[in-house]
Amino acid sequence: MTTDSIKWFGYSSPQTFFPLAGRIARICAVLAVVFGVAGLYTGLFVAPTDATQGEVYRVIFIHVPAAWMSMFLYVVMAFWAAVGLSFNTRLSFLMARALAPTGALFTFIALWTGSLWGKPTWGTWWVWDARLTSELILLFLYFGFIALQASIDERRRADRAGAVLAIVGVVNIPIIYYSVKWWNTLHQGASVSFTKAPSMAATMFTGMILMALCFWMYSIAVALTRVRCEIAENP
Amino acid sequence: MSRHAFYIWGAYGVTFVLLALEVYMLLKRKRETKT
């Protein structure tokens with residue numbers, strides 16, 4: 001084992017990780033502001049008006065990045081929960097615990113902005129189609145994870161119970177992602193995928209990516225700050 | 001934008017209020033932890 005790998009394992013200790021988390025959180029907070037300002041400027045002032053939807057399509061710059069983050073944060077939360085369950089590492093459980101509120105927040109934002117986009121374009125605030133329903137189930141999974149941990153007094157048991165729920169719930173992520181392919185839904189298909197070029201103007205795509213980077217950096221900054229609070233409260 | 005202003009600003013406004021609220025609550029918790 002090299003000296004470098006020992007150093008990395010050293011960061012799995014909450015006390016060693018505490019100052020590192022503070023440094024990373026500060027950098028990510030600054031990057032979130034930079035990407036956010038650039039993304040909002042591009043989305044609201046540079047990107048052209050959509051030919052069919054008009055101005056209301058600008059909700060996309062919040063809605064799509066928030067929906068991506070809602071799924072991504074759940075996968076990361078389940079990953080840390082699985083690591084914690086496998087190796088019984090306290091920091092892994094702390095990471096999972098810290099990600100849940102932000103994941104729930106982005107899921108709510110995705111649903112809220114989707115509803116506000118749906119009304120003028122579909123003529124309804126809500127439909128029980130596969131994409132919307134599976135995203136709502138994701139919100140309930142986040143709430144379930146938070147509530148389950150809060151309801152068990154003994155910390156270790158709460159962490160393990162939450163971890164099992166997080167891991168089981170991860171099955172919902174591919175269902176959300178592929179719901180528009182597997183079922184007939186009112187929700188449109190993916191505008192961006194790993195296999196195809198984006199089906200939108202370059203400036204629209206740039207604005208969306210900048211906002212996604214903003215939300216990503218924001219999530220890291222907030223989650224790491226929450227981990228630091230958890231460590232400080234339960235040394 | 002006027003025809004759809006309610007939907008656009010409703011989306012942006014609520015998003016930023018919620019994010020700001022999360023940051024505020026976290027910073028408050030951080031301050032309380034230190035004291």
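A nonpolar core is a set of buried Ala, Val, Leu, Ile, Met, Phe, Trp, Tyr and Cys residues joined through C-beta atoms within 7 Å. Buried means 20 or more other C-beta atoms within 10 Å of a residue's own, exposed means 12 or fewer, and partly exposed is in between, with C-beta atoms placed from the backbone.

I noted the ground rules next. This is a predicted model, where local features need pLDDT of at least 70, side-chain atom pairs count only at pLDDT 80 or more, and totals for chains, interfaces and linings use all residues. Residues are numbered from 1 along each chain as its sequence is written, and chains are lettered from A and ligands numbered from 1 in the order in which they are written.

**Core.** I looked up the largest nonpolar core and found 68 residues. Val59(A), Met77(A), Ala96(A) and Ala221(A) have the most contacts inside it. Among the elements giving it two or more residues are α3 (60–87) of chain A and α1 (5–34) of chain B. Helices here are DSSP runs of H or I, at least four residues long, and strands are runs of E, at least two, numbered from the N terminus. The largest share, 17 residues, comes from α4(A).

**Met77(A).** I set aside neighbours within four places in sequence. Met77(A) then contacts Ala96(A), Leu99(A), Ala100(A), Gly103(A) and Ala166(A). Contact means C-beta atoms, placed from the backbone, within 7 Å.

**Chain B.** I found 1 helix and 0 strands in chain B. Its C-alpha atoms fill a box of roughly 50 × 10 × 5 Å along the principal axes. Of its 35 residues, 20% count as buried.

**Glu154(A).** I placed Glu154(A) in the loop between α5 (130–151) and α6 (155–169) of chain A. Glu154(A) is exposed because 9 other C-beta atoms lie within 10 Å.

Terms used
Contact = placed C-beta atoms within 7 Å.
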